[in-house]
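Today I opened a new model and kept short notes as I went.

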Amino acid sequence: MHLPIVAHPDYSFPFPAGHRFPMDKFGLLQQRMRELGILEQHNLFQPTPCSAAELSMAHCYHYIQRFSIDALSDQELRRMGLPWSEGLHQRTFLAPNGTLLTAELALKYGVACHLAGGTHHAHYDFGSGFCIFNDLAYAARQLIHSGKAKRILIFDCDVHQGDGTARILEDDPEVFTCSIHCEKNFPHRKAISDLDVGLEKGLGDGDYLKTVEETLLQVIEQAQPELVIYDAGVDVYANDPLGLLNITLDGIRARDKSVINTCLKLKIPIATVIGGGYDEDQIALAARHAIVIEEAAKLFV
């Protein structure tokens, strides 16, 4: 058995040229994983779409329904940041179950990777920052509700704070939310996670890696999780247009290797999602997102 990988061909779809969100990266990431021999047919797992009732575990049913029939207001669409289409509708109902499936596979095999996910700006009743439904909060609540896990840590290393995740789960004692992010970056109005670590602009590899490693050990001690859901956002990269940190490719690789290795050494299953990353060169961007899967494949037993 190779590393379990969750993906779907409909994660990428025809998207307006020049839009700031790099929708092609999901398909390019799948292609790269196949070229590297990490993704093959036997270790590919495809999610089925969520129902509105399932999504209501983490979201307002009325909001889900209005998004589904393209009934959001212009103001809501601007805040969401993505133009509505049938393609967007289809992928949006797939990806949350992709993260849930990844978490279930991690519980079974020790580690699993989702070639999407990390939509942490989606709130209970509105979308924001290119995020429509919050796959992290949804997956965590589904796992707790089903009894498949009793304690979950969401370890979010995207450069932007996971504000939607924090607010949806603020009254869920079974789920510990931790966000390590650039403080002077989107969202301007921060939420309160169980633990927030705000980083200064321009922070480099050394201090960043030390912070990630120390914080992970701290929150594992606090939360005693049976599962870690790891948001491996690559918008921490020095040249990411929405990042503001100064992390190299080697720094991203060292971070991902350290997080996965720490969890596996402590015998805590870990499910990874790709999080944010923004670049006009989407092939290079897909290569950055591939790092966490490459490191997971090396460590997978």
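My entries below go from the record to the sheet and then to the helices.

**Entry 1: ground rules.** I am working with a predicted model, where local features need pLDDT of at least 70 and side-chain atom pairs count only at pLDDT 80 or more, while totals for chains, interfaces and linings use all residues. Residues are numbered from 1 along each chain as its sequence is written, and side-chain values use heavy atoms, with hydrogens and water left out.

**Entry 2: the record.** I looked up UniProt, where an unreviewed entry lists residues 20–290 as "domain: Histone deacetylase"; such annotations may be inferred rather than shown by experiment. Over residues 20–290 I found 43% helix and 12% strand, with the end C-alpha atoms 20 Å apart. Helices (H or I, at least four residues) and strands (E, at least two) are DSSP runs, numbered from the N terminus.

**Entry 3: the sheet.** In what order do the eight strands of the open sheet lie? I read β2-β1-β3-β8-β7-β4-β5-β6, with parallel pairing (two strands pair if DSSP finds at least two bridges between them). β2 (44–45) and β6 (195–199) each have a single partner strand, so they stand at the edges with one side left without a neighbour in the sheet. I followed β5 (residues 175–182) to β6 and found five bridges in the parallel sense; His181 has Gly198 of β6 as its bridge partner.

Helix α6 (residues 135–146) packs on this sheet and touches β4 (152–156), β5, β7 (227–231) and β8 (270–273). Its direction makes about 170 degrees with that of β4 (axes are lines fitted to C-alpha atoms, for helices over the stretch in contact, and angles run from 0 to 180 degrees between N-to-C directions).

**Entry 4: α1 on α10.** Helix α1 (residues 25–35) packs on helix α10 (residues 282–299) at about 55 degrees, with the axes 8 Å apart. The two are therefore oblique to each other (angles under 35 degrees count as roughly parallel, over 145 as roughly antiparallel, 65 to 115 as roughly perpendicular and the rest as oblique). Among the residues making the contact (heavy atoms within 4.5 Å) I noted Leu28, Leu29 and Met33 of α1, and Ile283, Leu285 and Ile293 of α10.

**Entry 5: α9 on α10.** Which angle do α9 and α10 make? Helix α9 (residues 249–265) and α10 pack at about 40 degrees, with their axes 9 Å apart. In α9 I picked out residues including Ile252, Arg253 and Asp256, and in α10 the residues they meet include Arg288, Glu295 and Lys298.
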